Amino acid sequence: MPNAHNSGFALAPVSLRRRGINALMSLSAGLAVVLVLLPLGAIFAYLVYKGIGSLNWAFLTQTPKPVGEPGGGMANAIAGSALILLIASSMGVPIGIGAGIYLAEYGRNRLGDLIRFTADVLNGVPSIVVGIVAYSIVVLSQGHFSALAGGVALAIMMIPTITRATEEMLLLVPQAIREAAYGLGVSRWRTTLSITLRTASSGVITGVMLAFARVAGETAPLLFTAFGNQYWNWKINQPTAALSLQVFTYAISPFDEWHRQAWAGALILIILIVLAVSAVRIAASRGMLKGTS
Amino acid sequence: MGVGIKVEQLNAWFGKTQALHDITMDVPANHATAIIGPSGCGKSTYVRCLNRMHETVPDARATGRVRMGEVDVYNGSSAVQIRRGIGMVFQKPNPFPTMSIYDNVAAGLKLNGFRDRRRLDEIVERSLKLSALWDEVKDNLRKKSGASLSGGQQQRLCIARALAVQPQVLLMDEPCSALDPISTGKIEELIFQLKEDFTIVIVTHNMQQASRVAEFTGFFLLGRLIEFDRTEKIFTTPSDKRTEDYITGRFG
């Protein structure tokens, strides 16, 4: 007990003022937690309230019906979102983790500073601008909208988040762990992949899931890249529906039926993101992703 | 069997600061050699030069000749190859936190592409027995993480990990400085046994420890090797005044 030195064995009585401040601080910290959780809870509750009515089996298995016809669903948009996110992750995750490794292990130089600065700026670029970039790179050169273009746009948005998260997590791994591997005659690249990255893996996965969840709901960068589609599409070079796009289209339409479906779509989007993130977390905690990523 | 280490004119730098000046030392095979001296005198840098760990620090470099048996450490071989033949134990126990006890010991071999599972089992068992940890961990080899052991056990785990790659030389950089007296005693006993198979270089702040475990002792001061001789000579009749001042506690 730190006080014991000053006052013998008796503890100085805690003053009323100090107790008051303590209570006040604990209360405000608790209040801050409530304030953080309140919007999240409110949004989810409101989505359930508005969307659950239109949520049924047809919604999950059918494509949209023309205006005026009742029923129909967003199955193609769910599949489209999955396809676009798969494309985005397969580009964004390796590039992001690779860049993060470079920054943490080799990046203490001018080039490293430049990459760090670029990543931070890229993180702040409005998503609609990223959409325009993907449009001019992929859509214009291919001549048509596509899932690929949407994936590229989302990948560009994932990369800076993953890069910086990976770098920070790798830098948290003590130098002593790397030295232990070097001392065993393990080469530098092997040490980085099998020791350092593995030690940091749970943090890196958190960074990846953060980036994933963030882009999964993006609409703006998909408007003129993936474009949307009323029908099934599994080809990566064809216009593709996405949940966020479908919600957007339905929400700005003048039809009540479409509004209800938009609410259901938003609810499904959030549920799917939560499911995907939880699934990866569970897999990671069971050690299924612990290999050399 | 261990091999002797011949060090000639070894100089080491951190950036522009010279940390070692013209070290020449003949470390005899199958004996323990202690390196003593006050903090910052270059002891750790010296052992880190022997297996080329020194150069993993940014801006650090070393010149001179180090021969380990027939191998020229600084010419004609890669640092990675050199380190495979030399085990190293660090000041703070540093087991790999995500690995089980078994995987920690097997890490050096596995990461370098060794795949024979039966042989691996044997080597892990033998290494853990050599480091006197086997009886304490044999029931939880694959279940318990290396980080869940106590400090003294972790250090013996790190010794087992270093022994598993079957080195000829074992470098120990203050291996007991973070341990309690009982664990220290165990590790000192261990050094005694290991001498039969390995050449050991041990950095220590503890002069009693040097006199207990080492046949030879080198005294470092300000990056120079002041005196290198049989341990009892260093501690009873040192030939240099500075050595005498240090071991009698007049400075450092």
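Biologist: Why does B:Gly64 count as partly exposed?

Modeller: Bear in mind that this is a predicted model. B:Gly64 has 17 C-beta neighbours inside 10 Å. Buried takes 20 or more and exposed takes 12 or fewer, so with its 17 B:Gly64 counts as partly exposed.

Biologist: Where is B:Gly64 found, and what is it in contact with, leaving aside neighbours within four places in sequence?

Modeller: B:Gly64 is found in strand β4 of chain B, residues 60-68. Its contacts, with those neighbours left aside, are B:Glu8, B:Gln9, B:Leu10 and B:Asn11. The C-alpha atoms of B:Gly64 and B:Asp22 are separated by 8.0 Å, and the two residues are 42 apart along the chain.

Biologist: Which strands are joined to β3(B), and what makes them count as paired?

Modeller: Pairing asks for at least two bridges. β3(B) has 4 bridges to strand β8 of chain B, residues 199-203, and they run parallel. It also has 4 bridges to strand β9 of chain B, residues 216-221, again parallel. B:Ala32 stands opposite B:Ile200 in β8(B), and B:Ile35 stands opposite B:Gly218 in β9(B).

Biologist: What does B:Ile200 touch, not counting residues up to four places away in sequence?

Modeller: On that count, B:Ile200 touches B:Ala32, B:Thr33, B:Leu170, B:Met172, B:Ile191, B:Leu194 and B:Lys195. B:Ile200 is also among the residues with the most contacts inside the largest nonpolar core, along with B:Ala164, B:Leu170, B:Leu171 and B:Ile202. That core has 84 residues. It draws at least three residues from each of domain 1 (1-85 + 167-252) and domain 2 (99-166) of chain B. Another core lies apart from it, with 61 residues, including A:Leu103 and A:Ile205.

Biologist: How do you know that domain 1 and domain 2 of chain B are in contact?

Modeller: A contact needs C-beta atoms within 7 Å, and 11 residues of domain 1 of chain B are in contact with 11 residues of domain 2 of chain B. Helix α7 of chain B, residues 181-194, gives the most to the domain 1 side, with 4 residues. That side divides into 7 nonpolar, 1 polar and 3 charged residues.

Biologist: And between the chains, how many residues does the contact take from each?

Modeller: 17 residues from chain A and 20 residues from chain B. On the chain A side, α7(A) gives the most, with 6 residues. The chain A side divides into 7 nonpolar, 5 polar and 5 charged residues.

Biologist: What confidence does the predictor give chain B and the complex?

Modeller: Chain B has a mean pLDDT of 90, and 99% of its residues reach 70 or more. For the complex, the predictor gives an ipTM of 0.89 and a pTM of 0.84.

Conventions. Residues are numbered from 1 along each chain as its sequence is written. Chains are lettered from A and ligands numbered from 1 in the order in which they are written. This is a predicted model: local features need pLDDT of at least 70, side-chain atom pairs count only at pLDDT 80 or more; totals for chains, interfaces and linings use all residues. Two residues are in contact if their C-beta atoms, placed from the backbone, lie within 7 Å. Helices (H or I, at least four residues) and strands (E, at least two) are DSSP runs, numbered from the N terminus. Ala, Val, Leu, Ile, Met, Phe, Trp, Tyr, Cys and Pro count as nonpolar, Asp, Glu, Lys and Arg as charged, and the others, Gly among them, as polar. A nonpolar core is a set of buried Ala, Val, Leu, Ile, Met, Phe, Trp, Tyr and Cys residues joined through C-beta atoms within 7 Å. Domain bounds come from an automatic or database domain assignment. pLDDT is the predictor's confidence in each residue, from 0 to 100.
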